[in-house]
Amino acid sequence: MATMVSSAGGLLAMLNETHPMLKFHALSNLNAVVDYFLPEISTSVPIIESLYEDEEFDQRQRQLAALLVSKVFYYLGELNDSLSYALGAGPLFDVSEDSDYIHTLLVVLRCLVKVYQKLPSPDYLSICQCLMFLDEPEAVASILETLLRSESKDDALLAFQIAFDLVENEHQAFLLNVRDRLSNPRSQPSESVQPGNNDTGSAQNENPGASEDAEMTDGSHASDGSLNEMDPIEASYAEKLTKIKGILSGETSIQLTLQFLYSHNKSDLLILKTIKQSVEMRNSLCHSATIYANAIMHAGTTVDTFLRENLDWLSRATNWAKFSATAGLGVIHRGHLQQGRSLMAPYLPQSGAGGGGSPYSEGGALYALGLIHANHGEGIKQFLRDSLCSTNVEVIQHGACLGLGLASLGTADEDIYNDIKNVLYTDSAVAGEAAGISMGLLMVGTASEKASEMLAYAHETQHEKIIRGLALGIALTVYGREEEADTLIEQMTRDQDPILRYGGMYALALAYQGTANNKAIRQLLHFAVSDVSDDVRRTAVLALGFVLYSQPEQTPRIVSLLSESYNPHVRYGAALAVGISCAGTGLSEAISLLEPLTSDVVDFVRQGALIAMAMVMVQISETSDSRVGAFRRQLEKIILDKHEDTMSKMGAILASGIVDAGGRNVTIRLLSKTKHDKVTAVVGLAVFSQFWYWYPLIYFVSLSFSPTAFIGLNYDLKVPKLEFLCQAKPSMFEYPRPTTVPTATSTVKLPTAVLSTSAKAKARAKKEAEQKSSGRGKSSAEKDGDSMQVDSPSEHEASFEILTNPARVVPAQEKFIKFLEESRYVPVKLAPPSGFVLLKDLRPTEPEVLSLTDTPSGSTAAASSEDPQPPQPFEYAS
């Protein structure tokens with residue numbers, strides 16, 4: 001297939017062309033041949049440098065130019081320049097590549113870190129991101145400890161900010177490594193802090209206050225005795241250490257997120273009520289879809305009002321629907337680490353012989369515990385292991401395996417692996433499928449030799465479900481390993497079994513996730529048009545979404561022809577590929593590609609397109625794109641239409657949940673602010689896309705949810721009252737307006753009596769409206785329905801908005817955020833204001849006013865505010 005090239009002259013000439021795609025083609029190919037044609041390419045370095053510096057040039061193309069210049073400088077021996085451009089290449093600078101170029105620059109990078117640390121004021125935020133890149137937890141721990149031992153509060157704030165930024169990357173094993181390498185305070189108090197260190201995991205099942213109180217109590221007891229002998233600097237360090245360990249374990253950010261999602265919840269229960277009323281009682285699929293939509297809509301908010309108010313309706317769920325209904329509580333209470341187990345206690349398997357409950361609700365409850373503790377499972381792993389080992393019921397084993405995989409994500413724990421393997425070897429189809437996926441979750445990104453063991457068993461077993469579970473599990477093990485995974489990918493994609501070839505597509509997708517690697521794209525496109533199995537073809541197209549999510553604008557262009565394929569499976573794959581890679585972007589090209597697919601002739605294509613459209617439009621307002629309003633109305637129409645087929649109705653119900661996910665306060669984000677891959681999010685979407693075969697896996701979509709929040713924190717990690725400016729019209733980023741009346745009634749038009757007075761009033765109002773609109777021209781009359789909603793409030797709308805900490809700040813809004821000049825607080829870093837931002841207090845002597853206190857934490861407030869609600873089902877039944 002490779003074409004022999006004798007000169008780079010033709011490619012270099014293309015760099016002077018005006019069309020950006022020609023330049024992109026030239027840069028891509030020059031990167032591949034730079035080793036052979038260095039003398040020719042080196043003469044054109046100024047041109048390539050100018051492409052990198054051209055801000056009008058596409059980001060991906062600028063990164064390609066940077067990578068090419070970096071390689072040229074490397075071969076010329078200019079290592080400092082080479083490294084500088086390599087860092088400008090972003091994710092294209094692949095540290096896992098086995099080449100002299102990469103190995104040499106990594107050595108330089110380590111030296112550079114050492115040099116930067118010796119500067120008078122080092123940029124520790126960037127250094128620690130760099131060290132995470134190099135996988136050096138010891139060096140990160142050393143920097144954090146230096147900052148914590150400093151007497152300056154500003155240094156402590158910087159340490160906390162570094163910890164929050166590292167947590168956002170969701171690399172559980174790395175974070176725990178950093179936490180465990182932080183040394184305890186010197187002298188006797190080290191003994192008193194030690195229990196706090198051990199408690200970080202076990203305390204996760206307790207009350208939030210309890211876990212913090214336990215640690216603080218240990219410290220305060222020490223203060224009575226041994227702390228008196230402790231140096232004040234060590235006492236201060238002990239206090240800061242407790243805080244940073246809470247951040248690194250994820251508990252602090254999870255607790256604050258829980259409070260934010262609970263207090264800012266804007267879910268519209270009327271939408272769910274409309275869905276429930278329009279779903280036929282005997283249609284179990286749409287009944288289940290409504291339960292899924294409710295869980296997704298309230299993900300992380302701890303608000304289960306809809307379930308409490310509809311207990312009779314909920315009780316119609318049987319067997320696997322009951323499993324899903326129980327598991328849905330795990331999505332609603334996601335991150336409720338301290339009380340997760342007590343919340344699920346009524347449904348969990350009872351100790352001793354047969355608990356007497358339904359195995360479906362027991363299995364669902366174990367799955368729910370995994371969803372609650374996903375990627376933060378230190379405190380629940382042992383309970384899930386015990387539950388798995390003490391049952392032979394395949395439904396409970398299924399739930400326990402999924403829960404254990406989620407809680408132990410990426411930890412590669414050998415004992416847990418053996419427990420799950422024992423379940424796999426029972427050769428139960430139901431339990432074995434979950435065991436296969438769970439092994440992959442446990443070993444995600446390890447490129448473990450266990451993959452060959454899993455592949456061997458996939459060839460032995462006769463159960464399709466087990467083979468499919470193992471195929472996805474094997475793919476998860478090679479997450480992010482790129483060329484290192486090529487041998488395994490080759491083995492899977494050449495297999496006679498289409499299910500293993502299907503797993504090979506996922507292996508390609510996850511090994512090269514976010515790299516936009518040309519070789520991976522070429523392979524996937526090849527399988528998308530040539531494989532004999534529709535399943536493999538569909539998955540090959542879908543997999544493009546994972547490879548391209550770092551360059552979402554490329555995806556619609558690459559899959560546009562596939563979206564018009566004669567094969568409905570390929571069209572479905574194209575829809576989900578766009579949904580995955582363009583999630584939360586509101587990209588116009590993505591919406592244009594998906595629009596025709598939402599009215600496709602094949603029902604499952606419509607389902608996929610509706611779900612993908614919801615993923616693209618999440619957190620996009622109708623003001624910024626009028627098609628968002630049209631899509632919401634389309635969902636409503638499909639749900640209310642009695643003649644609509646079940647598949648697309650299910651898609652519309654799920655889409656209603658996703659587009660309003662997390663109380664309308666979360667988006668789907670696969671990259672952190674520092675452009676690192678969010679492992680949990682990518683893995684969550686990969687397993688979610690399996691819902692084609694197994695609906696309970698829909699809940700994995702909640703792993704990709706990221707709160708659209710600005711949460712400013714002071715030195716005590718509390719949320720102070722702070723106002724800041726958004727320099728955009730409030731309507732640009734406002735919440736969707738709540739539905740006011742059940743739409744079902746509005747479809748039937750009844751004759752109404754019109755009084756003469758009201759007729760006159762209407763005529764007057766109409767005349768006034770016409771006079772106003774005549775000055776504005778015809779633009780407002782384009783869409784009558786929209787103008788009624790948007791024009792009147794925006795007539796005299798302010799051009800800015802004052803927001804209060806903590807505030808909802810969507811990704812597109814970040815560039816409009818500014819801190820007020822006279823503000824008491826300033827951020828410790830100059831990055832886009834979103835996520836957790838540590839604030840420096842410029843007036844520390846004045847008393848502080850806090851925005852969020854401990855009371856409205858998702859735990860106590862949710863419980864106390866909802867305790868009076870159980871009687872409501874009786875009111876509903878009457």
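Thr302 is buried, at a relative accessible area of 1%. In this predicted model, its phi is near 65°, which is a positive value for a residue other than glycine. The loop that holds Thr302 runs between helix H18 (284–297) and helix H19 (305–309).

Is Asp427 buried or partly exposed? Its relative accessibility is 29%, so Asp427 counts as partly exposed, because the buried class ends at under 20%. As background, most residues other than glycine have a negative phi, and most peptide bonds are trans.

| Site | Angle | Value |
|---|---|---|
| Thr302 | phi | near 65° |

Pro806 sits in the loop between strand E6 and strand E7 (807–808). E6 itself (residues 801–804) pairs with strand E5 (residues 723–726) in the antiparallel sense, over four bridges. Within that pairing, Glu723 has Thr804 of E6 as its bridge partner. E5 is also joined to strand E8 (residues 817–819) by three bridges, and these two strands run antiparallel. Phe724, for its part, is bridged to Phe819 in E8.

On the H27 side, the contact includes Ala429, Gly432, Gly436 and Gly440. H29 contributes residues including Ile466, Gly469, Leu470 and Gly473.

Helix H24 (residues 381–389) has the buried residues Lys381, Phe383, Leu384, Arg385, Ser387 and Leu388. Their packing partners are helix H22 (340–344), helix H23 (359–372), helix H25 (394–407) and H26.

How is the nonpolar interior arranged? The largest nonpolar core has 255 residues, and the members touching the most others are Ile41, Ile244, Tyr367, Phe688 and Phe700. Helix H37 (residues 603–617) gives the most to this core, with eleven residues. Apart from it lies another core, of 14 residues, among them Cys726, Ala807, Val809 and Val837. In general, nonpolar side chains in soluble globular proteins tend to be buried together.

Leaving out residues up to four places away in sequence, Tyr367 touches Phe323, Ala327, Gly399, Leu402, Gly403, Leu406, Pro696, Leu697, Tyr699 and Phe700.

Finally, some totals for the whole chain. It has 46 helices and eleven strands, and buried residues make up 57% of its 878 residues. Among contacts with a separation of 6 or more, 75% join residues 24 or more positions apart. The accessible surface comes to about 36600 Å², and carbon and sulfur atoms account for 54% of it.

Note on methods
Residues numbered from 1 in each chain as written. Predicted model: local features only at pLDDT ≥ 70, side-chain atom pairs only at ≥ 80, totals over all residues. Heavy atoms only, no water. Core = buried A, V, L, I, M, F, W, Y, C linked by side-chain atoms within 4.5 Å. Buried < 20%, exposed > 50% of the residue type's maximum accessible area, 1.4 Å probe, protein only. Contact = heavy atoms within 4.5 Å. Pairing = 2+ DSSP bridges. Areas by Shrake-Rupley, 256 points an atom, 1.4 Å probe, with all protein chains shown as cover.
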